[in-house]
Amino acid sequence: MASPTLISDTEAWKDLKAHVEEIKKTHLRDLMSDADRCKSMMVEFDEVLLDYSRQRVTLKTMDKLFKLAEAAHLKEKIERMYSGEHINSTENRPVLHVALRASRDYVMLSDGKNVVPEVWKVLDKIQEFSERVRNGSWVGATGKALKDVVAIGIGGSFLGPLFVHTALQTDPEAINSARGRQLRFLANVDPIDVARNITGLNPETTLVVVVSKTFTTAETMLNARTLREWISAALGPSAVAKHMVAVSTNLTLVEKFGIDPNNAFAFWDWVGGRYSVCSAVGVLPLSLQYGFSVVKEFLMGASYIDQHFFTAPYEENIPVLLGLLSVWNVSFLGHPARAILPYSQALEKFAPHIQQASIQVSMESNGKGVSIDGVPLPFEAGEIDFGEPGTNGQHSFYQLIHQGRVIPCDFIGIVRSQQPVYLKGEVVSNHDELMSNFFAQPDALAYGKTPEQLHKENVPPHLIPHKTFSGNRPSLSLLLPSLNAYNIGQLLAIYEHRIAVEGFIWGINSFDQWGVELGKSLATQVRKQLNASRTKGEPVEGFNFSTTTLLTRYLKATADIPSDPPTLLPRI
Ligand SMILES: O=P(O)(O)OC[C@H]1O[C@H](O)[C@H](O)[C@@H](O)[C@@H]1O
């Protein structure tokens, strides 16, 4: 018999479906009282501890999930990824972001060619260039050192680097090496974002890095042209050569734009945009800000997790466990969302990155409706990721998580704060206070509070329904030793691989993103219409009633804009 196309046709899937009823009969409160079970649900690698005892799973569930992994050929799929097979079949590309952080002596093949030397060639070039900019031997058009960087990019060419930058900003080593420098990110095509980003910057001391895999993304290219104008207007067109560099896979378009290809930093088709933070996309701007040695630590942290993911057995493999648990929560327990709750303000941009996924990484990767073979999925795949650092989130959406919808939570905690605060007379430090919440919230979700307990506390009867917490709400805890560049790399790679595991189990292609294309092509139609209406006075045509009405109103209200306007840059 031919092997089933869909994972939901396998015995392992059906077995898990049947197992759901059994799990539904058990409250997490009871599962948590089994110390042996809890002990077996703690896994440690390279000082990162995963505790998944507060998931609604028993040892039997885990066993069935490992069987599901077998049925999905998870191991083989991971191996195919690492061996450079074209697993992104709809774009006919390998998926080799792990090669971006492989050590120099490693061999990783793409179409028979070892890509690691190419990776290191670019890394060496970044090291050299960033050192020259940082030590003032690469200067701007007027001879001044370039101390500020604006990185222009969107989606994967923005969110990952922003997450890492935000996380590094309070790391003592990174602070030291970034002294006197600024790194800003311009993503949105909204002119307000341009205004915000150039406020307080002097073109004479600013370097602009245009980051775009394709070098065709409308928002990025318009922002790049805008900042090119900002530089030329202040310093003359020839200044662009000293003040603008690029990161792209499309070096031809980089040159066409007017950036010297020698000042371009390449990456490759086998790096998905949302998995590109370890390529020049992230490494160049971050090295300019923090120095290459800090960024190298970040790459090493990710690389160590890559090896763990490739070699560790399922039971000890952190990304595999996380991926399987997500599949369990989404496809079997029916929880469509996941909250990512770092108890660290430095990780405030982590959830946005994973959304894009997760941020982009997760939602763009696994937000699919068909299998890799194009068969409509009879089950839901992908999850809605959102999150905020604790304790801030506790004062906004946690109410919903505690007493409203069931949303599996990832609690991410850091053992040692890099910016500790102790107050005389207070034994509990500020970080202890933060971590008290990190330790308490998962239990509050798991155990809840019963009417009997409330009754014993003399809660008035009419308030008992309001103060009752059902509990039985799953979460997991990830504890990292600190949040230096190395740990940030670990965290990134854990989530990247978790998302791949989910996609491998669901049998979807986590590495394409056709879903974002439709909106883009419709925007092109609108752009054409705006052009035709502004230059030739053509009426709005070819749109539905709603869009026609809105566009007509917009054009009427902006009729004072000339069809051939002079350059106007923000004055802020
Ligand atoms: O790097 P670029 O080619 O400019 O693409 C920027 C972004 O464009 C789209 O939104 C894609 O869905 C993202 O995955 C990509 O990161």
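## Helix packing, ligand shell and backbone exceptions

Me: How many helices and strands are in the protein chain of this predicted model?
Reply: The model is predicted. Its protein chain holds both kinds of element. The count is 24 helices and 14 strands.

Me: What radius of gyration does the protein chain have, against that of a compact globule?
Reply: Along its principal axes, the C-alpha trace spans about 75 × 65 × 60 Å. With 572 residues, a compact globule would have a radius of gyration near 25 Å. The chain agrees with that, at 26 Å.

Me: How are H15 and H22 oriented to each other: roughly parallel, roughly perpendicular or oblique?
Reply: Helix H15 covers residues 318-332 and helix H22 covers residues 485-506. Their axes lie 8 Å apart, at an angle of about 50°. Angles of 65 to 115 degrees would be roughly perpendicular and those under 35 degrees roughly parallel. The two helices are therefore oblique.

Me: Which class has 10 residues in the contact of H15 with H22?
Reply: The crossing of the two helices is right-handed. From H15 come residues including Ile318, Val320, Leu322 and Leu324; they meet residues of H22, among them Ile494, Val501, Ile505 and Trp506. By class, the contact has 3 polar residues, 2 charged ones and 10 that are nonpolar.

Me: How are H5 and H22 oriented: roughly perpendicular, roughly antiparallel or oblique?
Reply: H5 spans residues 74-82, and its axis comes within 10 Å of that of H22. The axes cross at roughly 125°. Roughly perpendicular ends at 115 degrees, and roughly antiparallel needs over 145. H5 and H22 are therefore oblique.

Me: Which residues of H22 make the contact with H5?
Reply: The crossing of H5 and H22 is right-handed. On the H5 side, the contact uses Leu74, Lys77 and Met81. It divides into 6 nonpolar residues, no polar and 1 charged. The H22 side supplies Ala500, Val501, Phe504 and Ile505.

Me: How is H6 oriented to H13: roughly parallel or oblique?
Reply: H6 runs over residues 116-135 and H13 over residues 280-290. Their axes come within 9 Å and cross at roughly 25°. Angles under 35 degrees count as roughly parallel. H6 is therefore roughly parallel to H13.

Me: Which residues of H13 make the contact with H6?
Reply: H6 passes H13 in a right-handed crossing. H6 contributes residues including Val122, Leu123, Ile126 and Val133. The contact has 8 nonpolar, 3 polar and 1 charged residues. From H13 come Ala280, Val283, Leu284, Ser287 and Leu288.

Me: Which class has 9 residues in the shell around the ligand?
Reply: In total, 14 residues surround the ligand. The closest are Gly155, Gly156, Ser212, Thr217 and Gly273. The shell has 2 nonpolar residues and 3 charged ones. The 9 residues are polar.

Me: Which two residues are joined by a cis peptide bond?
Reply: Most peptide bonds are trans. Here omega is about 5°. Thr391, one of the pair, sits in the loop between strand E12 (384-387) and helix H18 (398-403). The cis bond joins Gly390 and Thr391.

Me: What is phi of Glu47?
Reply: Glu47 lies in the loop between strand E1 (42-45) and strand E2 (48-51). Most residues other than glycine have a negative phi. For Glu47 the value is positive, near 70°.

Terms used:
Residues are numbered from 1 along each chain as its sequence is written. This is a predicted model: local features need pLDDT of at least 70, side-chain atom pairs count only at pLDDT 80 or more; totals for chains, interfaces and linings use all residues. A residue is near a molecule or strand if its C-beta atom, placed from the backbone, lies within 6 Å of it. Ala, Val, Leu, Ile, Met, Phe, Trp, Tyr, Cys and Pro count as nonpolar, Asp, Glu, Lys and Arg as charged, and the others, Gly among them, as polar. Axes are lines fitted to C-alpha atoms, for helices over the stretch in contact, and angles run from 0 to 180 degrees between N-to-C directions. Helices (H or I, at least four residues) and strands (E, at least two) are DSSP runs, numbered from the N terminus. A crossing is left-handed if the near helix is turned anticlockwise from the far one by less than a right angle, and right-handed if clockwise. Two residues are in contact if their C-beta atoms, placed from the backbone, lie within 7 Å. The radius of gyration is taken over C-alpha atoms; the globule rule is 2.2 Å times the number of residues to the power 0.38.
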